[in-house]
Amino acid sequence: MRIGIIGLPATGKTTLFDLLCHTGGSAVAHHSAVEPNMAVVKVPDRRLDFLSSLFAPKKLTPATIEFIDFVALTRGAGKGEGLGSRFLSQMRQVDALVHVLRDFSDPNVAHAEGGVDAVRDTTLVNTELLLADLEIVEKRLARLELDLKKGAREALVREMDLLKRCHAFLLEEMPIRRLSPTPEEEKLLRGFGLLTARPVLLLLNIGEEKIGRANPTLDRLRESFAAMGTAICQLSVKVEAEIAQLSPEDAGLFRQDLGLTEGGFGAVIRACFDLLGLITFYTGEGGEETRAWTIPANATALKAAGAIHSDLERGFIRAEVAHFADLEAHGSMAALRKKGLHRVEGKEYQMQDGDLVLIRFNV
Ligand SMILES: Nc1nc2c(ncn2[C@@H]2O[C@H](COP(=O)(O)OP(=O)(O)OP(=O)(O)O)[C@@H](O)[C@H]2O)c(=O)[nH]1
Ligand SMILES: [Mg+2]
C-alpha cells in the first residue's frame, strides 16, 4: 500500500511523515523539501506481537505501508506551475492521499495563503488536482477523436464515452471518485492515474490548544467535503511528534492528561485502512515466520491465499481458520481446537479482520 502525503506549503506534511517513520521504526535516509521523501513504515500491531510471543517464530513480518511526503502543492500546480507540480505523475501512482491542512496559528510559520482557513485550502488543493486531471482527460479525448476518425472501434467508443463522462464531472468540480465506475470502467481509468479518483483523508493539523475541544473547522470540513467521498480527521501533528519522543510510560501519562485515547500514528493508519477498505489477517502457526497481511475487506479465503503466493491460490484446497480474539481469550491453539473454535473453510469464505489462517494447498 502506498500513501501520498500532500498539501500546501508548511502545513505539517514532513512533521507527519517523520512521526510515521519514527513510530514505524523507519530511518529516513533522505530528507528534502524539494523532492519527495519516501519511507516504508512497519505497522505496529498488538495482535502480531501477541502471536509472536505465542509462536516464537524465527522471523516476524509486520504489514508495511509506503509513505511519500510530496513537495508542497501551490496555486497553479494543476497547470504545471510550481515545484510541487513536477511530482504530479508520481502522485498518480499512490493508492490513497492524505491531505494535510493547517489549522494551527503560529506567527513564526508563514502561511502560503496569508491566514489559517482549512476549508479554503481544501478547495484550493482540490481545484489543482481537478485541473491536473482535466488536462489528462482532455489530452486523451483529443487523441481518441483522431483515432476514431480512422475507424470507430468499439473499445475506443467505450473509452470515449467514459472519458466524456469524466470530463463533464470534472467541469462540475466533482472528483472522479464520485463517478462510481463499474469494475470494467475502473480498470480502464486506473491507467490514467487520475488524482481525484484516489481516496482522500483530510487531516486537519490542529494547534495544541484545540486538542479535546469542539472544533468548528472540523464541522465545516465535514459539511463541505464528507459528501465528496473523503474521510476527515484532526490531529495535532506537533504534539504527537513530541509524544513519540517520550518513553511509553510518559507517553501514556501525557496522553491521559490531554484526554487523547489513541496515538496519532494509530489514528492515521486506521483511517487509511478504513479509507482503502483493508483488513489484516495473520499466518504463522507452527511455521518459521509469523506474518501480518493486508487484503481488501471483501476478500475471500482464495484471494487471501493469493496474497500470500499465487501457488497457494492455484492449488487451494482449504483454509484452516481461527480468530485472534478467541486465541487471545483461550491462550493456545490447542484450547481453540478443543472448543471447536478452529474451523475448516472453503474458497468462498469471507475473510474477517483478525483471522489467523493456515492454507492447505496442492503443489
Ligand atoms: N505551532 C505549530 N507548528 C507546527 C505544527 N505542525 C508543524 N509545525 C511547524 O510548521 C513548520 C512546517 O512544518 P513541516 O512539517 O516542515 O511542513 P511541510 O508541510 O512539510 O512544509 P513544506 O514541505 O515546506 O511544504 C515547521 O516549523 C513545524 O515545526 C503545529 O501543529 N503547530
Ligand atoms: Mg515538507
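Me: Let's start with strand 2 and strand 4: in which sense do they pair, and over how many bridges?

Reply: Before anything else, please keep in mind that this is a predicted model. Strand 2 pairs with strand 4, residues 64-69, in the antiparallel sense, and the pairing runs over six bridges. Within that pairing, Met38 has Ile68 of strand 4 standing opposite.

Me: And what sheet do they belong to?

Reply: They belong to an open sheet of six strands, in which the order is 2-4-1-5-6-7 and the pairing is mixed. Strand 2 (37-42) and strand 7 (230-235) stand at the edges with a single partner strand each, so one side of each has no neighbour in the sheet. On average, and ignoring direction, neighbouring strands of this sheet are turned by 25° against each other.

Me: Which strands does helix 4 touch when it packs on the sheet?

Reply: Helix 4, which covers residues 118-149, touches strand 1 (2-6), strand 5 (96-103) and strand 6 (200-206), and its direction makes about 145° with that of strand 5. Helix 10, residues 264-276, also lies across strands of the sheet, namely strand 1, strand 4, strand 5, strand 6 and strand 7, and it runs at about 175° to strand 7.

Me: Okay, how do helix 4 and helix 7 cross?

Reply: Two packed helices are described by the angle between their axes and the distance between the axes. For helix 4 and helix 7 (residues 216-225), the axes come within 9 Å and cross at roughly 35°. On the helix 4 side the residues are Ala118, Val119 and Thr122, and they meet Thr217, Arg220, Leu221, Ser224 and Phe225 in helix 7. By type, the residues of this contact divide into four nonpolar, three polar and one charged.

Me: Switching to the inside: which residues have the most contacts in the largest nonpolar core?

Reply: Those are Ile5, Leu20, Phe67, Leu202 and Cys272, in a core that has 81 residues. As a general background, nonpolar side chains in soluble globular proteins tend to be buried together. If we follow Leu202 and leave aside residues up to four places away in sequence, it touches His99, Leu101, Thr122, Leu221, Phe225, Thr230 and Ile232.

Me: How is the protein divided into domains?

Reply: There is domain 1 (2-112 + 199-276), domain 2 (126-196) and domain 3 (278-361). The C-alpha centres of domain 1 and domain 3 lie 30 Å apart, and the contact between these two takes 16 residues from domain 1 and 16 residues from domain 3.

Me: What supplies the domain 1 side of that contact?

Reply: Helix 2 (46-55), strand 3 (59-61) and helix 10 each supply at least two residues of the side that touches domain 3. The largest share, six residues, comes from helix 2. The residues of this side of domain 1 divide into 10 nonpolar, two polar and four charged.

Me: Then what does strand 3 pair with?

Reply: Strand 3 is joined by three bridges to strand 9, residues 289-296, and the two run parallel. In this pairing Lys59 stands opposite Glu289 in strand 9. Strand 9 is also joined to strand 8 (residues 278-283), this time by six bridges and in the antiparallel sense, with Leu278 opposite Pro296. Strand 8 and strand 9 form a hairpin with five residues between them, and Gly284 in the turn has a positive phi of about 140°.

Me: Which residues have a positive phi although they are not glycine?

Reply: Among them are Ala56 and Ser180, each with a positive phi of about 45°. Ala56 has its place in the loop between helix 2 and strand 3, while Ser180 lies in the loop between helix 5 (154-171) and helix 6 (183-190).

Me: Why does Ser180 count as exposed?

Reply: Ser180 counts as exposed because it has 9 C-beta neighbours inside 10 Å, and the cut-off for exposed is 12 or fewer. Ala56 is exposed as well, with 9 other C-beta atoms within 10 Å.

Me: Last one: is Asp355 buried or exposed?

Reply: Asp355 is buried, because 23 other C-beta atoms lie within 10 Å and 20 or more is the cut-off for buried. Asp355 lies in strand 12, residues 355-361, and, not counting residues up to four places away in sequence, touches Phe281, Val321 and His323.

How values were computed. Residues numbered from 1 in each chain as written. Chains lettered and ligands numbered in written order. Predicted model: local features only at pLDDT ≥ 70, side-chain atom pairs only at ≥ 80, totals over all residues. Helix = DSSP H or I, 4+ residues; strand = E, 2+ residues; numbered from the N terminus. Contact = placed C-beta atoms within 7 Å. Core = buried A, V, L, I, M, F, W, Y, C linked by C-beta atoms within 7 Å. Pairing = 2+ DSSP bridges. Axes fitted to C-alpha atoms, helices over the stretch in contact; angles between N-to-C directions. Domains from an automatic or database assignment. Nonpolar A, V, L, I, M, F, W, Y, C, P; charged D, E, K, R; others polar.
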